[in-house]
Amino acid sequence: NALACCLRCDAEKVSACQLLQRKEIAVDLAKKVWQEAHVQNPRDFNNSISAAWKLCRLAGTQEAFKWGDEIWHWTESQRWSLNLISYSCLVTLLEKRKRCTTVDEILENSMIATNLRPNEVVLGGLLNCAAERLDWRRADILWKLLVIER
């Protein structure tokens with residue numbers, strides 16, 4: 001989470017080039033830490049993947065998105081389930097990438113199958129992604145899916 005916070009900065013103080021460099025360094029450093037980590041319980045599992053997916057979303061680079069997908073596929077082979085926070089980080093990462101069908105499937109199937117109910121934090125994160133793209137239609141779909149239909 002600390003690395004992700006380093007990617008938020010005042011545009012007046014950091015140039016776009018400097019920010020891109022900062023993002024690349026943060027992703028590289030996080031990947032190295034990930035290689036050394038040994039997850040031994042569900043809490044650490046969910047904390048680590050949530051932090052990694054948050055970093056991937058904030059970095060917003062192709063390398064970060066690729067790593068986010070690798071983590072997602074890795075989680076499928078693990079013995080622990082994703083919790084609400086992990087799912088929230090995953091769906092906001094996918095929404096940022098405009099993978100709307102996948103997000104909808106996760107919201108409708110995976111989260112419900114594990115008895116997790118998307119809450120206002122999930123809704124807010126997804127709506128923010130749609131708003132960043134100026135995609136009011138997608139925001140409307142998300143609202144209907146998570147507020148009206150639930």
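My note on the term: a crossing is left-handed if the near helix is turned anticlockwise from the far one by less than a right angle, and right-handed if clockwise. Helices here are DSSP runs of H or I with at least four residues, strands are runs of E with at least two, and both are numbered from the N terminus.

Before going on, I noted that this is a predicted model, where local features need pLDDT of at least 70, side-chain atom pairs count only at pLDDT 80 or more, and totals for chains, interfaces and linings use all residues. Residues are numbered from 1 along each chain as its sequence is written, and side-chain values use heavy atoms, with hydrogens and water left out.

**Entry 1: H4 with H5**

I looked up the geometry of helix H4 (residues 62-75) and helix H5 (residues 84-96): their axes come within 11 Å and cross at roughly 140°. That makes H4 oblique to H5. For the angle classes I wrote down that under 35 degrees counts as roughly parallel, over 145 as roughly antiparallel, 65 to 115 as roughly perpendicular, and the rest as oblique. The axes are lines fitted to C-alpha atoms, for helices over the stretch in contact, and the angles run from 0 to 180 degrees between N-to-C directions.

Which residues make the contact between H4 and H5? On H4 I found Phe65, Gly68, Asp69 and Trp72, and on H5 I found Leu90, Leu93, Leu94 and Lys96. Contact means heavy atoms within 4.5 Å. I sorted the residues of this contact into 5 nonpolar, 1 polar and 2 charged. In that sorting Ala, Val, Leu, Ile, Met, Phe, Trp, Tyr, Cys and Pro count as nonpolar, Asp, Glu, Lys and Arg as charged, and the others, Gly among them, as polar.

**Entry 2: H3 with H4**

Next I turned to H3 and H4, which pack at an angle of about 155° with their axes 8 Å apart. The two are therefore roughly antiparallel to each other, and their crossing is left-handed. From H3 I listed Phe45, Ile49, Ala52, Trp53, Leu55, Cys56 and Ala59; they meet Ala64, Phe65, Trp67, Gly68, Ile71, Trp72, Trp74 and Thr75 of H4.

**Entry 3: H2 with H4**

How are H2 and H4 set, parallel or antiparallel? Their packing angle is about 20°, with the axes 10 Å apart, and they are therefore roughly parallel to each other. H2 passes H4 in a left-handed crossing. Val27, Ala30, Lys31 and Trp34 in H2 meet Glu63, Ala64, Trp67, Ile71 and Trp74 in H4. I count this contact of H2 with H4 as 7 nonpolar, no polar and 2 charged residues.

**Entry 4: the core**

I then asked how many residues the largest nonpolar core has. The number is 36, and those with the most contacts inside it are Trp53, Trp67, Ile106, Leu107 and Leu126. Such a core is a set of buried Ala, Val, Leu, Ile, Met, Phe, Trp, Tyr and Cys residues joined through side-chain atoms within 4.5 Å. Buried means under 20% relative accessible area, exposed over 50%, and partly exposed in between (1.4 Å probe, protein chains only). Two or more residues come from each of helix H2 (16-36), helix H3 (42-59), H4, H5, helix H6 (100-113), helix H7 (120-132) and helix H8 (136-148). H3 gives the most, with 7 residues.

I picked out leucine 126 and, leaving aside neighbours within four places in sequence, found it in contact with Val91, Thr92, Glu95, Val103, Leu107, Leu142 and Leu146.

**Entry 5: single residues**

Cysteine 129 is found in H7 and, at 5% relative accessibility, counts as buried. With neighbours within four places in sequence left aside, cysteine 129 touches Thr92, Glu95 and Lys96.

Aspartate 140 sits in H8 and is partly exposed, with a relative accessible area of 32%. I noted 9.3 Å between the C-alpha atoms of aspartate 140 and alanine 130, 10 residues apart along the chain.

Leucine 134 lies in the loop between H7 and H8 and has a positive phi near 60°. At 73% relative accessibility, leucine 134 counts as exposed.
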